[in-house]
Amino acid sequence: QQQHQQQQRDSYEINIPKRTSTRFQPQPSETVPSYVKRHSDSEDEEIGMVRDRYGAPTFDRQLKVPAVLQEGNNIHLETRVQPAGDPALKVRWLKNGRPIMQGSRIKTIYEFGFCVLDILDAKSEDSGEYVCRAVNQNGENINSAVLKITPGR
């Protein structure tokens, strides 16, 4: 009997009423917590100022393909993108239209506007079109090169 009373004390029933709306609509008498931020027209102006400050991405130089592309060699592709200081700028490397995954042989770097792709110990399956894609709130741009890896001698 004592065990049954213990189970009754530890049991709780919670009834949660169904909501008809998922939007938070505070009542005039409620205070909105400080961590809830309301959207304002000044934020639209601020976003517009960021768009005015930074233009669409541009590349300063074309990707250079190394003269010798043989299996076993290391490959280094490099370019520079502007605006380097844009916090919204996203840079991504693609191979044949698909995102490149970094690993033990493939490294990508994006720092201070410099975009680098290093392929260590190149293999024939590394052949293809490589694209450096830069995107921000004002547009996008690409820089590409085609690599054809030949068998080593």
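**Terms and their grounds**

Modeller: N96 is placed in the loop between β3 and β4. Strands here are DSSP runs of E with at least two residues, helices are runs of H or I with at least four, and both are numbered from the N terminus. This is a predicted model, in which local features need pLDDT of at least 70 and side-chain atom pairs pLDDT 80 or more, while totals for chains, interfaces and linings use all residues. Residues are numbered from 1 along each chain as its sequence is written, and side-chain values use heavy atoms, without hydrogens or water.

Colleague: Why is N96 called partly exposed?

Modeller: Because its relative accessibility is 48%; buried means under 20%, exposed over 50%, and partly exposed in between, with a 1.4 Å probe and protein chains only. The phi of N96 is near 50°, a positive value in a residue other than glycine. Most residues other than glycine have a negative phi.

Colleague: What is the phi of F112, and where does F112 lie?

Modeller: Phi of F112 is also positive, near 50°, and F112 belongs to the loop between β5 (106-111) and β6. F112 has a relative accessible area of 70%, so F112 is exposed.

Colleague: How do you know that C115 is in no disulfide?

Modeller: A disulfide is a pair of cysteine sulfur atoms within 2.5 Å, and the structure holds zero of them. For C115 the nearest cysteine sulfur is that of C132, 3.9 Å away. For C132, likewise in no disulfide, the nearest is that of C115. C115 has a relative accessible area of 0%, so C115 is buried; C132 is also buried, at 0%.

Colleague: What makes R80 a charge over the ring of F114?

Modeller: The test asks for NZ of Lys or CZ of Arg within 6 Å of the ring centre and within 35 degrees of the ring normal. R80 lies over the face of F114, at 4.9 Å from the ring centre.

Colleague: Which strands stand at the edges of the open sheet, and why?

Modeller: The sheet has four strands in the order β4-β3-β7-β8, paired antiparallel. β4 (98-99) and β8 (139-147) are the edges because each has a single partner strand, which leaves one side of each without a neighbour in the sheet. Pairing requires at least two bridges found by DSSP. Strand β3 (residues 90-95) and β4 have two bridges, in the antiparallel sense, and K95 stands opposite R98 in β4.

Colleague: What is D126 in contact with, beyond its neighbours within four places in sequence?

Modeller: Contact means heavy atoms within 4.5 Å, and for D126 the partners are K95, R105, I119, D121 and I149. D126 lies in the loop between β6 (114-119) and β7 (128-136). At 4% relative accessibility, D126 counts as buried.

Colleague: Is N74 buried or exposed?

Modeller: N74 is exposed, because its relative accessible area is 54%. N74 lies in the loop between β1 (58-59) and β2 (75-82). N74 and L120 are 46 residues apart in sequence but 4.5 Å apart in space, C-alpha to C-alpha. The side chain of N74 also reaches the backbone nitrogen of D121 at 2.9 Å.

Colleague: Which residues does the cis peptide bond join?

Modeller: The bond joins Q82 and P83, with omega about 0°. P83 is in the loop between β2 and β3.

Terms used:
Polar contact = N/O pair within 3.5 Å; in protein donor to acceptor, adjacent residues only side chain to side chain.
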